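Here is a briefing for a first look at this structure. Please keep the sequence and the 3D view open while reading.

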Amino acid sequence: MGDSCKVAVIGGGIAGLVSARELQREGHQVTVFEKADKIGGTWLYDSRVETDLLGLDPNREVVHSSLYKSLRVNLPRQIMGFLDYPFVKKQGGDPRHFPGHQEVLRFIEDFARNFGLLELIRFGHEVVRVERVDVASHEWIVESRTQETESSWELKAELFEAVVICNGNTTEPRIAAFPGRDTWPGLQMHSHNYRTPEQFKNKIVVLIGNGPSAIDILKELAPVAKQVHQAIRGTGFQLKKLENRDNAWQHSTIACAHKDGRVVFQDESIVVADAIIHCTGYKFHFPFLRTNGIVNVDDTNRVGPLYKHVFPPSLAPWLSFVGPNYEGAPAVVMELQARWVAKVLSGKLELPRQEEMMYSVEEQYREMEKNGWPKPTLNLQHSGLEYIGWFAAQLGIRPPNWWKKITFWSILKARSHYGDDYRDAWDIHKWMQEMDSPN
Ligand code: FAD
């Protein structure tokens, strides 16, 4: 490890940009590969949808962003910014605490311009291979392709000392499994491909899931669809009419679907539906990464092994991952991870020995198993506070009080308290004050 490394960052979304900034601040030579022709990643709304609406065909042309047209952020802007670059209201912008997605893109563009990051980015460069030159080497081949004509691509391979992977984790759909799914005759799509409600006018729609996308899409569909039925996993979800809606019901999960259009739920209710929308989340996907099995995404969507969700112990610090599936304040976590990676690469911070890092990963797996927590490595719902506290200590940052209080659960609690109009009903100033108080 030297003072300055030649580093490739893959992706020009929030994670890639904040990584580029931290690496540049630390004196590294940074190249960001971005397959699109603009920055923003998820926040670059794309009205196109994929040809395979469930995302099962591995050869489909992938549309990166999963945003629907009406999307407003589901976290208050006060916790969506960076430590030294908050997501503040700007003249001419969307002043709401929960602004529309266009405002997030503006924030990202301002951030990139402000820190001179655009010059570091190679737009239109899709990374197709990241691989070590050989097993004993710390050098990485980063192969990217650029489109020359409609049907021809140019491939280019370059060497880097380190690679930071920031390709996002909300593009590759995870879909629900139930008997009869593949022969059910209606329209099925993943929320990744949902943009606007028009096509569901007067239709009977089943929505699977109870996360932010399912809640938003239900709210948007109910006024236009004939009926909306929400299938929810977990105990206690049974057939029930939804309050404040004439045409929406809640059910347990789908038990099976039939060729005659019937959808049968575990609670024994039955609906003959026109469409099923899977609002069931995403899979980690690194199609370009070749590590001979050192880093894997297993069938529970766990990426590993990763020390502190960032470094694979045997490839550290030359390969790292920034951009977790973090249900709290994601930008700050990405910033902390990126700062740590930059400082480890410059030799200012040290990593433990490989065996110790591996032990820490295994210990974390044991802890998750013991507590019955969900599997994905980057699921920080249950240990988020400890996690950001650890980074703050490593980096010598004094965390604000709200860091200790704003968790996945505190956000969920506030959202459920204010119902599905939470974005406008929630008193953010009061909530932030409570969160910032020392007790
Ligand atoms: P992305 O934004 O996905 O960026 C990844 C980038 O990598 C993209 O630009 C992509 O083009 C590029 N890329 C991918 N593969 C390659 C390749 N092979 N070569 C080159 N470039 C590549 N977060 C919040 O904080 N608040 C919210 O309200 C919120 N709402 C959300 C709503 C929806 C519907 C979704 C899907 C996500 C939401 N999120 C929200 C989470 C959001 O994903 C994160 O905030 C953040 O945008 C993730 O940033 P990222 O850089 O990790 O990934």
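The points below go from the whole chain to its sheets, the ligand shell and some backbone details.

This is a predicted model: local features need pLDDT of at least 70, side-chain atom pairs count only at pLDDT 80 or more, and totals for chains, interfaces and linings use all residues. Residues are numbered from 1 along each chain as its sequence is written. The chain has 10 helices and 22 strands. Helices (H or I, at least four residues) and strands (E, at least two) are DSSP runs, numbered from the N terminus.

**Overall build**

- The radius of gyration of the chain is 22 Å, close to the 22 Å that the globule rule gives for 439 residues, so the chain is as compact as a globular protein of that length. That radius is taken over C-alpha atoms, and the globule rule is 2.2 Å times the number of residues to the power 0.38.
- Along the principal axes, the C-alpha atoms of the chain fill a box of roughly 65 × 55 × 50 Å.
- Of the 439 residues, 38% count as buried. A residue is buried if 20 or more other C-beta atoms lie within 10 Å of its own, exposed if 12 or fewer, and partly exposed in between; C-beta atoms are placed from the backbone.
- Among contacts between residues at least 6 apart in sequence, 61% join residues at least 24 apart. Two residues are in contact if their C-beta atoms, placed from the backbone, lie within 7 Å.

**The ligand shell**

- The ligand has 32 residues around it, and Gly11, Gly13, Gly41, Gly168 and Gly323 come nearest. A residue is near a molecule or strand if its C-beta atom, placed from the backbone, lies within 6 Å of it.
- α1 (14-25), β2 (29-34) and β4 (126-132) each supply at least two residues of this shell. The largest share, 3 residues, comes from α1.
- By class, the shell has 15 nonpolar, 14 polar and 3 charged residues. Ala, Val, Leu, Ile, Met, Phe, Trp, Tyr, Cys and Pro count as nonpolar, Asp, Glu, Lys and Arg as charged, and the others, Gly among them, as polar.

- Strands of a sheet pair through backbone hydrogen bonds, either parallel or antiparallel. Two strands pair if DSSP finds at least two bridges between them.
- β4 and β5 (residues 140-147) run antiparallel and are joined by 6 bridges. Glu126 stands opposite Arg145 in β5.

**The sheet of 6 strands**

- Another open sheet, of 6 strands, has the order β9-β17-β10-β11-β13-β12, again with mixed pairing. Its edge strands are β9 (187-190) and β12 (240-241), and each pairs on one side only.
- β10 (residues 204-208) and β17 (residues 275-278) pair in the parallel sense over 4 bridges. The bridge partner of Val206 in β17 is Ile276.
- β11 (residues 227-231) and β13 (residues 248-251) run parallel, joined by 4 bridges. Gln230 has Gln250 as its bridge partner in β13.
- β12 and β13 run antiparallel, with 2 bridges. Gln250 is also the bridge partner of Lys240.
- β12 and β13 form a hairpin with 6 residues between them, and Asn244 in the turn has a positive phi of about 65°.

**Helix α6**

- The 12 residues of α6 (residues 384-395) should span 16 Å at 1.5 Å a residue, and the end C-alpha atoms are 17 Å apart, which agrees. The expected span of a helix is 1.5 Å times one less than its number of residues.
- Gly396 follows α6 and has a positive phi, near 70°.

**Backbone exceptions**

- Most residues other than glycine have a negative phi, and most peptide bonds are trans.
- The peptide bond from Gly304 to Pro305 is cis, with omega near -5°. Pro305 lies in the loop between β21 (303-304) and β22 (319-321).
- Ala316 and Pro317 are also joined by a cis peptide bond, with omega about -5°. Pro317 sits in the loop between β21 and β22.
- His309 has a positive phi near 65°. His309 is found in the loop between β21 and β22. This residue is buried, with 24 other C-beta atoms within 10 Å.
- Asn292 has a positive phi near 55°. Asn292 lies in the loop between β19 and β20 (296-297). Asn292 counts as exposed because it has 8 C-beta neighbours inside 10 Å.
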